[in-house]
Amino acid sequence: MGIDMGAYERPAALTGTVAWWDLDEAAGSVAHDATASGYDGTVFGASWMPGVDGNALSFDGIADGVDCGDVLDMGTGDRSLSLWFKTTTTSGAIIGKGYS
């Protein structure tokens with residue numbers, strides 16, 4: 001799974017990638033999955049802003065995120081996760097499964 005905040009060029013082939021979000025939409029409430037998996041995310045509470053290369057999402061840490069459904073329900077096999085982010089805080093979650 002790849003999550004890109006707009007500062008990384010997507011590879012031409014996403015073979016074996018479960019989901020990839022460029023987060024480059026610039027507006028709206030959908031973060032489109034660039035793979036054929038269809039794990040489009042629903043953006044809530046975050047705002048679009050210019051990124052390092054393209055656009056990005058800004059999260060204030062108060063009930064905001066991107067709900068990507070059951071993309072993390074991948075069983076018990078090996079997996080990797082990659083993301084780019086910038087923060088000004090030293091606490092809180094960057095990614096999680098389940099939201100309450």
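**Starting from Thr87**

Tutor: Thr87 counts as partly exposed, because its relative accessibility is 39%, and that class lies between buried, under 20% relative accessible area, and exposed, over 50%, for a 1.4 Å probe and protein chains only. The residue lies in the segment after strand 8. Before going further, please keep in mind that this is a predicted model, in which local features need pLDDT of at least 70 and side-chain atom pairs count only at pLDDT 80 or more, while totals for chains, interfaces and linings use all residues. Residues are numbered from 1 along each chain as its sequence is written, and side-chain values use heavy atoms, with hydrogens and water left out.

From Thr87 we can look back along the chain to Asp60, which is 27 residues away in sequence, although the two C-alpha atoms are 9.9 Å apart in space. Ala56 has its place in strand 6, and it is classed as buried because its relative accessible area is 7%.

That brings us to strand 6 itself, which covers residues 55-58 and pairs with strand 5, residues 47-50, in the antiparallel sense over four bridges; strands are DSSP runs of E with at least two residues, helices are runs of H or I with at least four, and both are numbered from the N terminus, while two strands pair if DSSP finds at least two bridges between them. Within this pairing, Trp48 stands opposite Leu57 in strand 6. The hairpin made by strand 5 and strand 6 has four residues between the strands, and in it Gly54 takes a positive phi near 100°.

Elsewhere in the protein, three strands form an open sheet in the order 3-4-7, with antiparallel pairing. Its edge strands are strand 3, residues 30-31, and strand 7, residues 65-67, each of which pairs on one side only. Strand 3 meets strand 4, residues 41-44, in the antiparallel sense over two bridges, and in strand 4 it is Thr42 that stands opposite Val30.

The loop between strand 3 and strand 4 is the place of another threonine, Thr35. Whereas Thr87 is partly exposed, Thr35 is buried, because its relative accessible area is 14%. The side chain of Thr35 is joined to the side chain of Asp33 by a polar contact of 2.9 Å, a term for a pair of N or O atoms within 3.5 Å, where, within protein, one must be able to donate a hydrogen and the other to accept it, and residues adjacent in sequence count only if both atoms are side-chain atoms. The side chain of Thr35 also reaches the backbone nitrogen of Ser37, at 3.1 Å.

Stepping back to the protein as a whole, we find eight strands and zero helices, and the elements run β-β-β-β-β-β-β-β from the N terminus on. Of the 100 residues in the protein, 25% are buried, with Ala56 and Thr35 among them. As for contacts, meaning heavy atoms within 4.5 Å, 37% of those between residues at least 6 apart in sequence join residues at least 24 apart.
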